[in-house]
Amino acid sequence: MNVQGSTVLLTGATGGIGGAIAGELSRRGASLVLVGRNGDKLEMLANGLHREDRSPLALVADIAESGAAASIVERARAAVGNVDILVNCAGVQTFGFFAEENASGLQDLFAINVIAPMAMTRALLPHMLQQRKGQIVNVGSIFGSIGFPCFASYSASKFALRGFSEALRRELAGTGVGVTYVAPRFTKTAFNRDVVRRMAIALKMNQDEPSAVALAVVDAIERNGHNRYLGWPEKLFVRINSVLPRLVDGRLMKEVERMRPFAAESAP
């Protein structure tokens with residue numbers, strides 16, 4: 001879908017990846033509806049993306065709250081009319097031993113990473129189907145294809161988002177509405193806590209800048225892409241894990257011993 005002239009609703013706009021996506025979309029001529037929980041950060045982002053011919057609409061909202069998705073879509077459509085593209089970018093991460101996670105944290109994780117993007121999609125989809133045009137973009141993770149130790153819950157939530165994207169894409173075939181799933185690898189943002197960043201350095205994980213992820217996301221939109229996995233050799237491991245998971249088991253079971261001290265440090 002051509003981004004120029006399209007109206008894009010972006011959740012998680014004040015995050016590192018979200019802000020970079022907003023900037024790239026604005027540079028390519030999209031009209032933006034930015035959604036985030038932090039009003040000050042959202043206003044700062046919107047002001048920075050102001051153009052003479054268009055200005056982003058900033059909507060402060062917590063997408064995890066009951067009824068938030070319907071309210072956001074109603075407010076957005078009342079202000080800008082139809083929304084052509086939905087980018088579900090909001091997310092949270094957990095790191096540590098699964099046995100030490102608490103139930104409320106697990107519920108919050110799935111509420112934001114899985115239920116909220118599904119709710120946003122459900123709220124916008126009838127309008128997209130009516131206009132027979134639209135694109136839903138779900139920002140996932142490489143961990144949504146490779147179950148990573150000490151990220152069990154986070155991996156599970158991204159597996160769920162990937163499965164939702166795949167099933168919905170097939171369901172919407174021929175309707176004019178497409179579904180794109182983009183899976184970044186480790187990205188240099190505040191999304192990753194200090195202990196996670198130090199662990200990534202110790203394991204020599206490849207890291208991307210938010211701007212590189214944003215370029216990949218917007219390129220995938222413009223090419224009507226289905227799945228986009230970022231980074232080498234990570235995208236290779238995704239393929240290997242899908243057909244020969246035992247090979248990946250051996251590699252990650254060795255890595256987990258190096259991860260344990262960081263996971264222990266992260267314990268509540």
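The model is predicted, so to speak of local features a pLDDT of at least 70 is needed, side-chain atom pairs count only at pLDDT 80 or more, and totals for chains, interfaces and linings use all residues. Residues are numbered from 1 along each chain as its sequence is written, and side-chain values use heavy atoms, with hydrogens and water left out.

β5 and β6 (residues 177-183) pair in the parallel sense over six bridges. Two strands count as paired if DSSP finds at least two bridges between them. Between β5 and β6 the chain passes through helix α5 (residues 152-171), and this β-α-β crossover is right-handed. A crossover is called right-handed if, with the strands pointing away from the viewer, the path from the first strand over the helix to the second runs clockwise.

β5 also pairs with strand β4 (residues 85-88). Four bridges join these two strands, which run parallel. Asn88 stands opposite Asn138 in β5. The chain crosses from β4 to β5 through helix α4 (residues 103-131), again in a right-handed β-α-β crossover.

Strand β5 spans residues 134-139. Six of its six residues are buried, so the strand is largely enclosed by the rest of the structure. Buried means under 20% relative accessible area, exposed means over 50%, and partly exposed lies in between (1.4 Å probe, protein chains only). In a regular strand the side chains alternate between the two faces of the sheet. In β5, Gly134, Ile136 and Asn138 point one way. Gln135, Val137 and Val139 point the other way, and all are buried.

Strand β2 (residues 31-36) is joined to β3 by four bridges, and the two run parallel. Val35 has Leu59 in β3 as its bridge partner. Contact means heavy atoms within 4.5 Å.

Ala90 lies in the loop between β4 and α4. Ala90 counts as buried, at 18% relative accessibility. Leaving aside neighbours within four places in sequence, Ala90 is in contact with Thr11, Gly12, Ile63, Ile112 and Asn113. Val213 is 123 residues from Ala90 in sequence, and the C-alpha atoms of the two are 14 Å apart.

The structure holds 15 salt bridges. A salt bridge is a side-chain nitrogen of Lys or Arg within 4 Å of a carboxyl oxygen of Asp or Glu. One of them joins the side chains of Arg27 and Glu24 (3.1 Å, N to O). These residues are three apart in helix α1 (residues 16-27), and are therefore separated by about one helical turn. Arg27 is exposed, with a relative accessible area of 60%. Glu24 is buried, at 10%. Both belong to a network of salt bridges that links Glu24, Arg27, Arg28, Asp219 and Glu222.

The side chains of Asp84 and Lys133 meet at 3.5 Å, N to O. Asp84 is in the loop between α3 (68-80) and β4, and Lys133 is in the loop between α4 and β5, 49 residues apart. Asp84 is buried, with a relative accessible area of 9%. Lys133 counts as partly exposed, at 41%.

Arg185 and Glu234 also form a salt bridge through their side chains (2.9 Å, N to O). Arg185 sits in the loop between β6 and α6 (194-202), and Glu234 in helix α8 (residues 234-243), 49 residues apart. Arg185 is buried, with a relative accessible area of 18%. Glu234 is buried too, at 13%.
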